[in-house]
Amino acid sequence: MSRKREDTPIEEKNALRKQVLARRDQLGVAERRSLSERITKRLLALNSYGSASCVMAYASFGSEFETGDFIADALARGKTLVLPAVERNSRALQFYEVRDPARQLVAGVWGIRQPRADLCPVVPASQLDFVLVPGVAFTRHCQRLGYGGGYYDGFIRGLTRRPPLIAAAYSLQILPVLPVSERDQEVDRVISEDAEYGRSG
């Protein structure tokens, strides 16, 4: 199991982020696309996704797992699609329903595409039935190392009703150990191109 303690040095986390992101960035466009398609196929086969009415995803950025096909499937199935927007002043996520990503998304904090508040209705977190969670690295026990802002950790801690929290990641992002602390929130499942991991194992 990964270490979990209160005093995890920030430098240790940052160094690991740089290492994993560098490896992820080395994936070619075609390879990243192929791996993302395999991951998406596994995501779409999850019972928790199939039964969900309100699905939260995120607009992928840089060398992340490509969420475009997942988002398109949710819309095609008539699910309520929710995407987050970062609010830096409150250091929190706000959630909006998106029906037309091409028209309703705009580059936000760090250049990540997020919903336009003037075009998209707010959705309370209590309505979410399935949540796709981004991250830099994960363990087979579903511990998560995020990008360092703490936005998703805060969101997960604040949930009054916990929907399935699912992470999609390339296998190179699955590590045996992570320098996590008590503040770092776990997900329920991690899906890679060739495996699925749950919190119990």
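Which residue in β3 stands opposite Val 86?

**Before you start**

This is a predicted model, in which local features need pLDDT of at least 70, side-chain atom pairs count only at pLDDT 80 or more, and totals for chains, interfaces and linings use all residues. Residues are numbered from 1 along each chain as its sequence is written, and side-chain values use heavy atoms, with hydrogens and water left out.

Helices (H or I, at least four residues) and strands (E, at least two) are DSSP runs, numbered from the N terminus. Buried means under 20% relative accessible area, exposed means over 50%, and partly exposed lies in between (1.4 Å probe, protein chains only).

**Stop 1: helix α2**

Select residues 29-44. This is helix α2, with 16 residues. From first C-alpha to last, α2 reaches 22 Å, close to the 22 Å expected at 1.5 Å a residue. The expected span is 1.5 Å times one less than the number of residues.

Now colour Arg 32, Leu 35, Ser 36, Ile 39, Thr 40 and Leu 43. These are the buried residues of α2. They sit on the same side of α2 because they cover an arc of only 145° around the axis. The arc is that of the directions from the helix axis to the C-beta atoms.

Turn to the face away from the buried side. There you find the exposed residues Ala 30 and Lys 41.

What covers the buried residues?

**Stop 2**

Show what Arg 32 touches, not counting residues up to four places away in sequence: Leu 27, Gly 62, Ser 63, Glu 64, Glu 66 and Tyr 170. Contact here means heavy atoms within 4.5 Å.

Next, select Arg 17 in helix α1 (residues 10-25). Arg 17 is also buried, with a relative accessible area of 11%. Leaving aside neighbours within four places in sequence, Arg 17 is in contact with Val 136, Leu 145, Gly 146, Tyr 147 and Gly 148. Then draw a line from Arg 17 to Gln 173. They are 156 residues apart in sequence, and their C-alpha atoms are 10.0 Å apart in space.

**Stop 3**

Select residues 80-87, strand β2. Six of its eight residues are buried, so β2 is mostly covered.

β1 and β2 pair in the parallel sense over three bridges. Two strands pair if DSSP finds at least two bridges between them. Met 56 stands opposite Val 82 in β2. Follow the chain from β1 through α4 to β2: this β-α-β crossover is right-handed. That is, with the strands pointing away from the viewer, the path from the first strand over the helix to the second runs clockwise.

β2 and β3 pair in the antiparallel sense over six bridges. Here is the opening answer: Leu 93 in β3 stands opposite Val 86.

**Stop 4**

Go back to Met 56. Its bridge partner in β6 is Val 131. β1 and β6 pair in the parallel sense over two bridges.

Show the side chains of β6. Phe 130 and Leu 132 point one way, Val 131 and Val 133 the other, and all are buried. In a regular strand the side chains alternate between the two faces of the sheet.

Step across to β9. β6 and β9 run parallel, joined by three bridges. Val 131 stands opposite Leu 165 in β9. In β9, Leu 165 and Ala 167 point one way and Ile 166 and Ala 168 the other, and all are buried.

β9 and β10 run parallel and are joined by three bridges. Ala 167 has Val 190 as its bridge partner in β10.

**Stop 5: the cysteines**

How many disulfides does the structure hold? The count is zero, with a disulfide taken as a pair of cysteine sulfur atoms within 2.5 Å. Select Cys 54: the nearest cysteine sulfur, that of Cys 120, is 13 Å away. Cys 54 counts as buried, at 5% relative accessibility. Finish on Cys 142, which is buried with a relative accessible area of 0%.
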